[in-house]
Amino acid sequence: MEIPHEWRDVVDLFIGFGRGLARVHARGLVHRDVNPSGGRADARADQYAFCVSLYEALGGRRSVDAGAELAAPRALREILARGLAPRPTARFASISALLSALSRARR
């Protein structure tokens, strides 16, 4: 049986992970964990993968593609929707900007 986690605890964990990712990006590297197009990827591809992982951690299941509603505050859902935008240019300018938004929503 899974033990549910408080959404703030999950966000805290991911903010820490995201800080490490920001350091990687600051060195001009891209993790490229997930890039289904195999084309040129930038840090926004990492941002998308980060948001998929956070969504799944919060929901306890893979539900991004199914469009299931996430039981989280509206501000957090809006941040995730932006980070998961199909067009990379619609996402946050950087992982640092995403982390700032998550920190604000966390409060």
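**Exercise 1. Aromatic pairs**

The structure, a predicted model, holds three aromatic pairs. Take the rings of F14 and F17: what are the distance between their centres and the angle of their planes, and what kind of pair is this?

*Solution.* 
Step 1. Recall the rule: rings of Phe, Tyr and Trp (its six-membered ring) pair if their centres lie within 6.5 Å; planes under 30 degrees apart count as stacked, over 60 as edge-to-face and the rest as tilted.
Step 2. The centres of the F14 and F17 rings are 6.3 Å apart, and the planes stand at 85°, so the pair is edge-to-face.
Step 3. F14 and F17 are three residues apart in helix α1, about one helical turn. Helices here are DSSP runs (H or I, at least four residues), numbered from the N terminus.

Before going on, note the ground rules. Residue numbers start from 1 along each chain as its sequence is written. In this predicted model, local features need pLDDT of at least 70 and side-chain atom pairs count only at pLDDT 80 or more, while totals for chains, interfaces and linings use all residues; side-chain values use heavy atoms, without hydrogens and water.

**Exercise 2. Salt bridges**

How many salt bridges does the structure hold? Describe the bridge of R106 with D12 and that of E78 with R74.

*Solution.* 
Step 1. Side chains of opposite charge can pair when their charged atoms come close. A salt bridge is a side-chain nitrogen of Lys or Arg within 4 Å of a carboxyl oxygen of Asp or Glu.
Step 2. The structure holds three salt bridges.
Step 3. In the bridge of R106 with D12, the closest N and O atoms are 2.7 Å apart. R106 lies in helix α4 (residues 95-106) and D12 in helix α1 (residues 7-26), so the pair ties together parts that are 94 residues apart in sequence.
Step 4. R106 is partly exposed at 25%. D12 is partly exposed at 35%.
Step 5. The side chains of E78 and R74 meet at 3.5 Å, N to O. E78 and R74 are four residues apart in helix α3 (residues 74-83), about one helical turn. E78 is partly exposed at 47%, and R74 is exposed at 59%.

**Exercise 3. The buried side of α3**

Which residues of α3 are buried, and which helices do they pack against?

*Solution.* 
Step 1. The buried residues of α3 are L76, I79, L80 and G83.
Step 2. They cover an arc of only 95° around the axis, which puts them on the same side of α3. The arc is that of the directions from the helix axis to the C-beta atoms.
Step 3. The buried residues of α3 pack against α1, α2 and α4, where contact means heavy atoms within 4.5 Å.

Key
Helices (H or I, at least four residues) and strands (E, at least two) are DSSP runs, numbered from the N terminus. Buried means under 20% relative accessible area, exposed over 50%, partly exposed in between (1.4 Å probe, protein chains only).
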